[in-house]
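Try each task before you read its solution.

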Amino acid sequence: MNFSSKATSAQETSCLKISHTDPDIYSAITHRLLFHFARTRPETQIVVICVGTDRSTGDSLGPLVGTALSRFHSPLFHLYGTLEEPVHAVNLEETLSLINERYSNPFIIGIDACLGHSTSVGCIQVVEGPLRPGAGVNKQLPPVGDIHLTGIVNVGGFMEYFVLQNTRLSLVMRLSDIIATSLYSALKQWNLHARSAATRE
């Protein structure tokens with residue numbers, strides 16, 4: 001769980017923030033992800049880490065995204081964090097160690113719920129750099145990812161645990177569906193591009 005603050009001008013160029021009601025949200029997120037994927041080598045393994053817990057409505061965004069992605073049974077990425085096997089504060093460090101042992105320099109995508117300003121609730125962010133899980137509830141956890149996606153599920157700044165427990169499930173479900181669908185679309189497009197580039201070589 002993060003807290004979204006206002007981006008500096010330097011951060012704004014590497015951060016997409018878009019409302020879930022925007023009609024172009026799927027294509028906007030997909031294209032921003034492809035922009036980040038283009039900086040990797042085609043053979044780079046992609047790891048998706050969905051952080052959160054199903055014990056809190058607001059913090060269930062990550063596991064919901066992970067469960068949605070797991071239904072694709074896709075070889076395009078390695079997935080950690082679902083409703084059945086969540087990645088959260090207790091096992092995050094262990095999970096990151098396991099990933100570092102299994103994969104050589106993977107491209108890691110972190111996904112988590114986020115608290116923010118009232119005008120930002122319902123927005124999805126695609127940000128360059130690591131996720132800072134636990135920041136929204138004053139927990140010190142290791143950073144996650146080369147890039148990260150967050151869904152701003154409620155207002156932060158006061159009684160965060162209570163706010164997370166009283167977050168609308170309908171909003172969390174909507175945000176998780178958009179993130180999972182857009183991410184899988186971007187991964188498929190990137191894989192096709194990588195295979196086509198390899199064929200030309």
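Is Ile99 buried or exposed, and what is its relative accessible area? Ile99 is buried, at a relative accessible area of 0%. (Buried means under 20% relative accessible area, exposed over 50%, and partly exposed in between, with a 1.4 Å probe and protein chains only.)

Before going on, some housekeeping. This is a predicted model, where local features need pLDDT of at least 70, side-chain atom pairs count only at pLDDT 80 or more, and totals for chains, interfaces and linings use all residues. Residues are numbered from 1 along each chain as its sequence is written, and side-chain values use heavy atoms, with hydrogens and water left out.

**Exercise 1. Get the overview.**
Work out the order of helices and strands along the chain.

*Solution.* 
- Step 1: count the elements. There are six helices and seven strands. (Both are DSSP runs numbered from the N terminus: helices are H or I with at least four residues, strands are E with at least two.)
- Step 2: read along the sequence. The pattern comes out as β-α-β-α-β-α-β-α-β-β-β-α-α.
- Step 3: check the burial. Of the 201 residues in the chain, 51% are buried.
- Step 4: look at the contacts, meaning heavy atoms within 4.5 Å. Among those with a separation of 6 or more, 74% are between residues 24 or more positions apart.

**Exercise 2. Follow the strands out from β5.**
Find the strands that pair with β5, and say which way they run.

*Solution.* 
- Step 1: check how covered β5 is. Ten of its ten residues are buried, so the rest of the structure largely encloses β5.
- Step 2: go to β3. β3 and β5 pair in the parallel sense over five bridges, with Cys50 and Ile111 as one of the partner pairs. (Strands pair if DSSP finds at least two bridges between them.)
- Step 3: go to β7 (residues 147–155). Eight bridges join β5 to β7, and the two run parallel. Ile111 partners Leu149 here, while Asp112 stands opposite Thr150.
- Step 4: carry on to β6. β6 and β7 run antiparallel and share five bridges, and Gln125 stands opposite Thr150.
- Step 5: check how covered β7 is. Eight of its nine residues are buried.

**Exercise 3. Track down the salt bridge.**
Which residue forms a salt bridge with Arg39?

*Solution.* 
- Step 1: know the rule. A salt bridge is a side-chain nitrogen of Lys or Arg within 4 Å of a carboxyl oxygen of Asp or Glu.
- Step 2: count. The structure holds one.
- Step 3: name the partner. Arg39 pairs with Glu128, and the closest N and O atoms are 2.7 Å apart.
- Step 4: Glu128 lies in strand β6 (residues 123–128) and Arg39 in the loop between α2 (25–37) and β3, 89 residues apart.
- Step 5: check the accessibility. Glu128 is partly exposed at 38%, whereas Arg39 is exposed at 52%.

**Exercise 4. Look at a glycine.**
Where is Gly129 found, and what is Gly129 in contact with?

*Solution.* 
- Step 1: check the cover. With 16% relative accessibility, Gly129 counts as buried.
- Step 2: list the contacts. Beyond neighbours within four places in sequence, Gly129 touches Gly145, Asp146, Ile147 and His148.
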